[in-house]
Amino acid sequence: MSSQALAIRALLWKEWRQQRALFGILVGAGLLAILSGFWWRPFYAVGLAATLVWGCGPLLFASNVFAGETDAGTKDFLDGLPCSRAHVFRAKFAAAFALGLVGSLAVLIPGTIFLHVVANDRVAANELLPMLVLVVVVVVTEVSLAAVMA
């Protein structure tokens, strides 16, 4: 592997290490919100989980990934890596996108199964593909906005 590919791989790993606690908290909170549907209304519980993870997750990940370098004072270090700023930006964008997408799917799929089994809602299972497309659009939009704002 070239030094540029190694630097990008190391950057992706660094972003995962820095964001995994937030990832765990958001996905755990989303799954707890879904489980609250046993005592609460299932549709409200899944809606709360979706709002928490879709609305907050990608935006928090992206803002931490992009603005976190400025706050931590490591932006100069990134400029010294053996790859261009465009490669660093793409690696950070990919990390924020992957975290937001995997976090959203980690709540969307159990939420759909929960609605299908507990609420006996066949519509939830039939609308999984359009919801997946919506998740991708929302995650890309939020990560892009956070990247522009940083």
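Student: What percentage of the 150 residues in the protein is buried?
Tutor: This is a predicted model, where local features need pLDDT of at least 70, side-chain atom pairs count only at pLDDT 80 or more, and totals for chains, interfaces and linings use all residues. Residues are numbered from 1 along each chain as its sequence is written, and side-chain values use heavy atoms, with hydrogens and water left out. Buried means under 20% relative accessible area, exposed means over 50%, and partly exposed lies in between (1.4 Å probe, protein chains only). Of the 150 residues, the buried part is 35%.

Student: In what order do the elements run from the N terminus?
Tutor: Helices (H or I, at least four residues) and strands (E, at least two) are DSSP runs, numbered from the N terminus. The protein has six helices and zero strands. From the N terminus on, the order is α-α-α-α-α-α.

Student: What percentage of the accessible surface belongs to carbon and sulfur atoms?
Tutor: Accessible areas come from the Shrake-Rupley method with a 1.4 Å probe, and for residues only the protein chains shown count as cover. The protein's surface comes to about 8500 Å². The part of carbon and sulfur atoms is 71%.

Student: Of the contacts between residues at least 6 apart in sequence, what percentage joins residues at least 24 apart?
Tutor: Contact means heavy atoms within 4.5 Å. Ala 7 in helix α1 gives an example of reach along the chain: its C-alpha atom is 6.8 Å from that of Leu 81, 74 residues away in sequence. For the protein, the percentage is 77%.

Student: Which residues does Ala 7 touch, leaving out those up to four places away in sequence?
Tutor: Ala 7 counts as buried because its relative accessible area is 12%. Beyond four places in sequence, it touches Pro 82 and Cys 83.

Student: Is Leu 31 buried or partly exposed?
Tutor: Leu 31 also has its place in helix α1. It is in contact with Ala 106, Val 107 and Pro 110, leaving aside neighbours within four places in sequence. Its relative accessibility is 31%, so Leu 31 counts as partly exposed.

Student: How far apart in space are Leu 31 and Gly 111, C-alpha to C-alpha?
Tutor: In sequence, Leu 31 and Gly 111 are 80 residues apart. In space, C-alpha to C-alpha, the distance is 8.0 Å.

Student: Which residues does Gln 19 touch, not counting those up to four places away in sequence?
Tutor: Gln 19 is found in helix α1. Its relative accessibility is 4%, so it counts as buried. With neighbours up to four places away left out, Gln 19 touches Phe 61, Asn 64, Val 65 and Leu 99.

Student: How many salt bridges are there?
Tutor: A salt bridge is a side-chain nitrogen of Lys or Arg within 4 Å of a carboxyl oxygen of Asp or Glu. Lys 14 forms one with Glu 15, the closest N and O atoms being 3.2 Å apart. Glu 15 forms another with Lys 92, at 2.6 Å. By this rule the count is two.

Student: Which residues are linked in a network of salt bridges?
Tutor: Lys 14 lies in helix α1 (residues 3–35), and it is buried because its relative accessible area is 17%. Glu 15, at 1%, therefore counts as buried. Glu 15 lies in helix α1 and Lys 92 in helix α4 (residues 85–117), so the pair ties together parts that are 77 residues apart in sequence. The network links Lys 14, Glu 15 and Lys 92.

Student: Which residues does Lys 14 touch, not counting those up to four places away in sequence?
Tutor: Its salt-bridge partner Glu 15 falls inside the part left out. Beyond four places, Lys 14 touches Glu 69 and Lys 92.

Student: At which residue does helix α2 bend?
Tutor: The bend at a residue is the angle between axes fitted to the seven residues ending there and the seven starting there. Helix α2 (residues 42–72) is followed by Gly 73, whose phi is positive, near 75°. The bend of α2 is about 35°, at Phe 66.

Student: Which residues lie nearest the centre of the largest pocket?
Tutor: On a 1 Å grid over the protein atoms alone, a pocket is an open set of points where a 1.4 Å probe fits, with protein on both sides within 12 Å along at least five of seven lines; lining residues have an atom within 4 Å of a point. The largest pocket holds about 310 Å³, a volume being the space filled by probe spheres set on the points, which are joined across faces, edges and corners. α2, α3 (75–79) and α4 each supply at least two residues of the lining. Of the 13 lining residues, those nearest the centre are Phe 66, Lys 75, Leu 78, Val 88 and Lys 92.
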